[in-house]
Amino acid sequence: MSTRGLFDDMPIDGGIDGGIDGSQEIGPRARVLRAFARPVAGELLKAIAAVERISPFRHLVTPGGYTMSVAMTNCGALGWTSDRRGYRYSSIDPETGTPWPAMPDVMRRLAHDAAAAAGFERFEPDACLVNRYVPGAKLSLHQDKDEQDLDAPIVSVSLGMPAVFLFGGLRRDDPTAKVPLFHGDVAVWGAEDRLRYHGVMALKDHPHPDLGSHRINLTFRKAG
Ligand code: SIN
Ligand code: FE2
């Protein structure tokens, strides 16, 4: 079965050019770099295991009182967190009371190189949000707008099970493109695309050889 067969029931729509291999423009300053992270995927998984030993995955509560289906942790100088009081970046993991683990070099380098490949030079992330999905987990449409520096792009790395990424416009009710993301794919969006709404559809159970019924997403930002 071709990988695209996984999504036969989920047509890809809305402004996607290029094929499933290589790189796709999904906006004027937004691209998916297919398989860009594959060469370092094994190293990334080891680095993630080290991060979660220090700051374990947890299900955050939104200001509205919902418990998120995606489990999260962070590495880097700043980490994104949420509770009944709001969303924010913090240098301290509220769960452990200590700083988030440092961002492993393999992650920092990958984020920098992917940004450059997508046309954003000198990207120096200070925050990496690590999202872990199981079948059924999803992320509702949202903007990434808690960062101080909206000139820097977002670099988002997919590992494990495939997902359908929803890439919308600058308004919540703008139409969304459905972009399949596979193990090793890296999505980058910045400049005029930086504040586009995006989300992830509820995951189907298509176990991955290395990660089983999990998907892990690394989202790099310049937050401070
Ligand atoms: C995010 O928007 O923070 C994560 C996107 C993803 O999991 O692909
Ligand atoms: Fe996001």
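Start at N217: a polar atom in its side chain sits 3.2 Å from an oxygen atom of ligand 1. That counts as a polar contact, meaning a pair of N or O atoms within 3.5 Å. Of the 260 Å² of accessible area that ligand 1 has on its own, the protein covers 99% (areas come from the Shrake-Rupley method with a 1.4 Å probe). This is a predicted model, where local features need pLDDT of at least 70, side-chain atom pairs count only at pLDDT 80 or more, and totals for chains, interfaces and linings use all residues. Residues are numbered from 1 along each chain as its sequence is written, chains are lettered from A and ligands numbered from 1 in the order in which they are written, and side-chain values use heavy atoms, with hydrogens and water left out.

R215 puts a polar side-chain atom 2.9 Å from an oxygen atom of ligand 1, and for H198 the distance from a side-chain N or O atom to a ligand oxygen is 3.1 Å.

Now look at the whole shell, the residues with a heavy atom within 4 Å of the ligand. Among them are N131, Y133, S156 and T219. Strands here are DSSP runs (E, at least two residues), numbered from the N terminus. Strand β13 gives the largest share of the shell, 4 residues. By class, the shell holds 3 nonpolar, 6 polar and 2 charged residues; Ala, Val, Leu, Ile, Met, Phe, Trp, Tyr, Cys and Pro count as nonpolar, Asp, Glu, Lys and Arg as charged, and the others, Gly among them, as polar.

Finally, hop over to S82 in strand β4. S82 is buried, at 5% relative accessible area (buried means under 20%). A polar atom of the S82 side chain lies 2.7 Å from the backbone oxygen of V61.

Terms used. A polar contact is a pair of N or O atoms within 3.5 Å; within protein, one must be able to donate a hydrogen and the other to accept it, and residues adjacent in sequence count only if both atoms are side-chain atoms. Buried means under 20% relative accessible area, exposed over 50%, partly exposed in between (1.4 Å probe, protein chains only).
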